[in-house]
Amino acid sequence: MYDVLIVGAGVIGGMLARQLSRYDLKICMLEKENDVAMGATKANSGIVHGGYDPEPGTLKAKLNAEGVQKLYDVADEIHAPYRKNGSFVCAFGTPEEEATVRELYERGLENGIKGLEILTGDEARALEPALSDKVSLVLNVTNAGIVCPYELTVAAIGNAMDNGAELKVNFAVDQIEKTAEGFKVTAKSGEVVSGKYLVNCAGAYSDRVAQMVGDNFFTIIPRAGEYMLLDKNEGSRVSHTIFQVPSVEGKGILVSPTVDGNLLTGPTAAKVESPSCTETTPEGLEIVARLAAKSVPSVNFRQVITSFSGVRSSEKGGDFIICPAKSVENMVHVAAIDSPGLTSCVAIADYAIEQLQAMGLALVQKANWCPTRENPHAFREMSDEEKDAYIKEHPAYGKIVCRCETVSEGEIRDAIRRNPPAHDIDGVKRRTRSGMGRCQGGFCMPYVMKLLSEENGQPMETITKNGEGSAQLTGKL
Amino acid sequence: MTAHDIVIVGGGPAGMAAAVAAYDSGVTDVVILDREDSVGGILRQCIHNGFGLHKLGRELTGPEYADVYRKEVEKRGIKIYCETMVTAVSTDRVVTARNRQGIMKIQAGAVVLAMGCRERSRGALNISGTRPAGVYSAGTAQKLINCEGYMVGKKVVILGSGDIGLIMARRMSFEGAKVEAVCEIMPYSGGLTRNIVQCLEDYGIPLYLSTTVAEIHGQKRVEGVTIAEVDENRRVKEETKRYIPCDTLLLSCGLIPENELTRSAGIPIDPITSGALVDENRETATPGIFACGNVLQVHDLVDYVSDEAEIAGIGAANFVKNGAVTGETVATKPGNGVRYVLPQRVHTDKGNDVALFMRVTQPFGKVRFTVKSGDEVLATAVRLKAAPGEMEKIVVKSEKLALASEPITVSLEVL
Amino acid sequence: MKRDLICIICPRGCAMHVEGEKDNLTVTGNACPKGKQYAIDECTHPTRTVTSIVRVSNREDTMVSVKTAAPIPKENIFDVMAKIRATKVEAPIEAGTVILSDIYGTEVIATKSIF
């Protein structure tokens, strides 16, 4: 019997587990995919939003404002890569757009956001020379930043697991039964776990999980956003995250560096039928290219290395839903976490914990809780001399597997062994960047498969890209 | 830090031929650094035949061709470091490399870059749809099948009719897969006629020209692709879209020279070849750093890679022995019908004949190439046929080269 | 018989047309005698070199590449492939070693050395 069961191991479920892991509790995350961070978490903009955008008085406004610094603090502790690069919200010469920039500034002040300023187009271009000549007025959001959402999640869950939390992957929740002691949760596979408290962090599927206990008061509207990621050659095209003010043509197409040094453009916003609609479309990618070029005309789209689409979980109320379940006791829904959900993830977790406490969950601090996680990128951050010394002790770090991103065998073996362990090729990729570079795994994939096979004692033919049904090989010759 | 006269980055066909040529020019302190566990480069997985007809006068498979050069390298006692990846080359020729023993720094007298190329990925092609397992670049599939002994799919569509794609169509058929189609976005194939005949026609595999893969379907593993014809601007014609069920999509859509090291050393790159700008000795704009093989320009035949590597190896040896080549150079430029000319600059006063290599912009019938500097015609050559997939070579005699005072332009006229 | 085929002897790729009976074929469209010979060979007894791989049983995930030492009749390709697929070898093996003998008048040899 667990104390707390968390449905969903995205950034919200993962951060909740991490924040709960400081207390003397038995925690288990239930994840339907083969790895963590597989829903909206792995395919979003990776932006730490300043907090100027949400309507004052909403949960989004409160948790965004609290969340920025909390996120930076936790990211430091668990060694999740981020950068405070600041963001620009640009108007393109029309009085309406310029008025919007001023409104956002005022709203930001009302939300209690510090470090906001308004720049003229020329002032902004002095800081960001690639910005379009058409940009006339800019909201400069100095506290904003960028973070790698899946690395943040891996780090949070890794830290939670190091502190005793458990993770069950390939556990697709099928039924939830309320029992005298709490909840009996059954997976599609037939596996059953029980827990006293239940938190629904199921992302795009959170309305379905709510329905399993009889709650029908919210409906998730899946919205797909398509992105294009460009080679590191383009990564320094801009240093700030460049937004456009919402307009008739579209909203939210950004141009941003990533923490790994690539350039990210997107997202579109298209209502889709189901959360699994993550295909890219020619129309979507065309919109991304056109609107990104509006902000930064010099972006070279011949340098695209991959495109992807992520599904965000919106809800008609427009705000986060973080509240006790209505039909059963001892359950909290954390749903409709669209933007600024990533920014707010630590604040959201803390807010959910307050609700669990109000329901009677006893929070007793663990004596031996370790807030930090080993830096998974310690090796790549070393100087040549330090690397040389380290390789002499650990030769596997001297064998480079992914040539585009310079990832060694040692780092890949670590990713397969460390919490939360990578079980598939994409899991290795998200943890180490092997296969994330310009050749997109063309050279390193066979070697990564071999390492997975060796580490997990699994035949090559059973190695998958991302879980059941995605085997790369069809047989042995 | 250690020191060697010549450091060769990459032990594929280019690196090995350069090493042998440098050694035979009298510089014996040559080392080869290669990232794989044995030399031979991509030839190790090219188990088909057709290599060596020009260079060695006999028809070999890829591994056999590589072995010819490996034996020459070993005979000379040239040191090979395998599983050793070069991570940096500086303009003053310090080479930093990494292997299981640690980090090596080598002060090189001269450096020969021979890193080869990579395949254009699905992402770079920006094919829309889902991102399931079963999408491979043709070379990755070739490696898994030929070197590791695993099959990658049963029902296959191939995008791109480059030679690797054609070879893989046959290879997959040999191993029992059904190759449903090869789609080529251009109105002509970039592959050799011989491969179209012997890899597709022999097995009844259809080649659809002016056709692309518009969309990939399948959540976990490829379930099918939508193919469609394209117009002259390579835009999909909606009404021609059709679905082909398959579990595998192989991509053979072009090769990109792997010049990340070159770029980070600040060496200027030709935007058309995507390789370094070089002179007739294959010396880059950075003195003492040479380049050859597919990292310099993508070749259609390995035989020509070996030829080019020998030029670079000899150039590197001369640099070590005599220092930098001095004197005036003139630029070469592509003219009508020619996409690029390599080398991009030549010394005119050295008394040597210089071979110019080029590719044409589109398929032509009978053409005459003219090499001119101002009004001076330096060379002409007639070809019965010219195609972008086949590199052309025209030799300019030394006495003609001496007359070149303005940029040299190579253009063609259709006869 | 009547048959159209493209010559593969040189890059020119002549479009050739073959007509007549087995012992008396006429070839048109060829630019050189080599093309004519190729066309006649293709129509009377086409041959191909087969290249493939054989598993090395005493090395993990290691394959040795092989080829027919001479071209074999085209219609026997899949039969030769089946014979190759049914074979295993043990390392060390030298390039040139005979793996299968008596294969349509030739043999299958290793094209790679496995040490």
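Predicted model: local features only at pLDDT ≥ 70, side-chain atom pairs only at ≥ 80, totals over all residues.
Chain C averages a pLDDT of 92, and 99% of its residues score at least 70. Within chain C, confidence is lowest in strand S1 (residues 2-6), at a mean of 88, and highest in strand S10 (residues 106-110), at 97. For the complex, the predictor gives an ipTM of 0.93 and a pTM of 0.93.

**Where chains A and B meet**

Let's turn to the contact between two of the chains. Chain A brings 42 residues to it and chain B brings 41 residues. On the chain B side, the elements that give two or more residues include strands S6 (85-89), S7 (94-99) and S8 (102-113), along with helix H3 (122-125). Helix H4 (138-148) of chain B gives the most to this side, with six residues. The make-up of the chain B side is set out here.

| Residue class, side of chain B that touches chain A | Number of residues |
|---|---|
| Nonpolar | ten residues |
| Polar | 17 residues |

S12(B) pairs with strand S23 (residues 475-476) of chain A in the antiparallel sense, over two bridges. If you want to find the pairing on screen, look for Gly475(A), which stands opposite Met151(B).

**Inside chain A**

Chain A is divided into domain 1 (2-41 + 149-220 + 317-358), domain 2 (87-142 + 221-313) and domain 3 (384-462). The C-alpha centres of domain 2 and domain 3 of chain A lie 33 Å apart.

Helix H11 (residues 425-432) of chain A is worth a look: eight of its eight residues are buried. Charged side chains belong to this set too, as the buried residues include Asp426(A), Lys429(A), Arg430(A) and Arg431(A). The buried residues of H11(A) pack against helix H5 (149-162), strand S22 (407-408), helix H10 (409-417) and helix H12 (445-456) of chain A. Just after H11(A) comes Arg433(A), with a positive phi of about 75 degrees.

**The nonpolar cores**

The largest nonpolar core has 175 residues, and those with the most contacts inside it are Ile6(B), Ile8(B), Val9(B), Ala18(B) and Val112(B). Helix H8 (residues 302-322) of chain B supplies the largest share of this core, ten residues. Leaving aside neighbours within four places in sequence, Val112(B) is in contact with residues including Ile6(B), Ile8(B), Phe290(B), Cys292(B) and Ala316(B). Apart from this core lies another, of 127 residues, among them Val169(A), Leu285(A), Ala336(A) and Tyr351(A).

Methods. Residues numbered from 1 in each chain as written. Chains lettered and ligands numbered in written order. Contact = placed C-beta atoms within 7 Å. Helix = DSSP H or I, 4+ residues; strand = E, 2+ residues; numbered from the N terminus. Pairing = 2+ DSSP bridges. Domains from an automatic or database assignment. pLDDT = per-residue confidence, 0-100. Buried ≥ 20, exposed ≤ 12 C-beta atoms within 10 Å, placed from the backbone. Core = buried A, V, L, I, M, F, W, Y, C linked by C-beta atoms within 7 Å.
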